[in-house]
Amino acid sequence: MIRLVLFLALMLPAAVQAGPWPREAGRTFLSLSGERNRADSSYASAYAEYGLTPRTTLGMELGRADQAETSAILWLQRALDDGQGPNRFAMQSGAGVIRRDDLTLPVVQGALSWGRGFDRGWITAQVLAKMTGSAPDPRAPMRPSFAASFLTAERVIKTDVTLGLRPRDGLMVINSLWLEHPQDEEYSARLMSSLVFDVPGPVKVELGMVNPLSGPSEQAVRLGTWLEF
């Protein structure tokens, strides 16, 4: 059962949003997840978090879109609150690369997140800004430096708002609103609704649907696995 779920998660692609709660020091969270839409487009991802200290979390994201684009990003998230009270705040910064059209482009990102837990549930919000360095001009006499490649970088702002509920032990109901605004492109909004439930062993399984609200996107099926150790 577990092998089948892991295999399907790699074949059917997506992403997990880091919440503002730091990962417990020495603990690891791993997710393999994905989406496939009606146009048969897909995105596969692997996501991991590791608690470095009580307030600092190290994260990694690997992604592959339709065999055409591969990305790898390493990020660090730091809690901004003292762990007291109902609200949690965190700041994240990261860097990595995207392999696209036989070119390797640098990526940097930063994010601010907020979260609040309540009886049998939680709510989070995150705003993330990402910049992807531009491809070098083949007519230029020399290749641009890492910093110079960001002078004409692709920029995108992403906002995620998530409401999670735990109606009973072993079951979570998650609804996420994903807003994305790439530079010079059409704004898009998607609503993801999923169920996360325990299966025998240490793995949780996520099954859901992603529905487009606006912009160039298609309805998609979501499947993922969560593992914490």
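This briefing describes the fold, the surface and the aromatic contacts of one protein model.

The model is predicted, so local features require pLDDT of at least 70 and side-chain atom pairs count only at pLDDT 80 or more, while totals for chains, interfaces and linings use all residues. Residues are numbered from 1 along each chain as its sequence is written, and side-chain values use heavy atoms, with hydrogens and water left out.

**Fold**

- Helices (H or I, at least four residues) and strands (E, at least two) are DSSP runs numbered from the N terminus.
- Along the sequence, the pattern is α-β-β-β-β-β-β-β-β-β-β-β-β.
- Strand 7 (residues 121-132) pairs with strand 8 (residues 154-168) in the antiparallel sense, over 12 bridges.
- G121 stands opposite L165 in strand 8.

**Burial and surface**

- Of the 229 residues, 38% count as buried (under 20% relative accessible area, with a 1.4 Å probe and protein chains only).
- The accessible surface of the protein is about 12,700 Å², and 61% of this belongs to carbon and sulfur atoms; the areas come from the Shrake-Rupley method with a 1.4 Å probe.

**Aromatic cluster**

- Three aromatic pairs are counted; rings of Phe, Tyr and Trp (its six-membered ring) pair if their centres lie within 6.5 Å, and planes under 30 degrees apart count as stacked, over 60 as edge-to-face and the rest as tilted.
- F29 and Y47 form an edge-to-face pair, at 6.3 Å centre to centre and 70° between the planes.
- This pair links distant parts of the chain, with F29 in strand 1 (residues 28-37) and Y47 in strand 2 (residues 42-51), 18 residues apart.
- F29 is buried at 8% relative accessibility, and Y47 is buried with a relative accessible area of 2%.
- The rings of Y47 and W75 have planes at 40° and centres 6.2 Å apart, so this pair is tilted.
- The Y47 and W75 pair also links distant parts of the chain, 28 residues apart, from strand 2 to strand 4 (residues 69-79).
- W75 counts as buried, at 2% relative accessibility.
- Ring pairs link F29, Y47, W75 and W226 into a cluster.

Technical notes: Buried means under 20% relative accessible area, exposed over 50%, partly exposed in between (1.4 Å probe, protein chains only). Two strands pair if DSSP finds at least two bridges between them.
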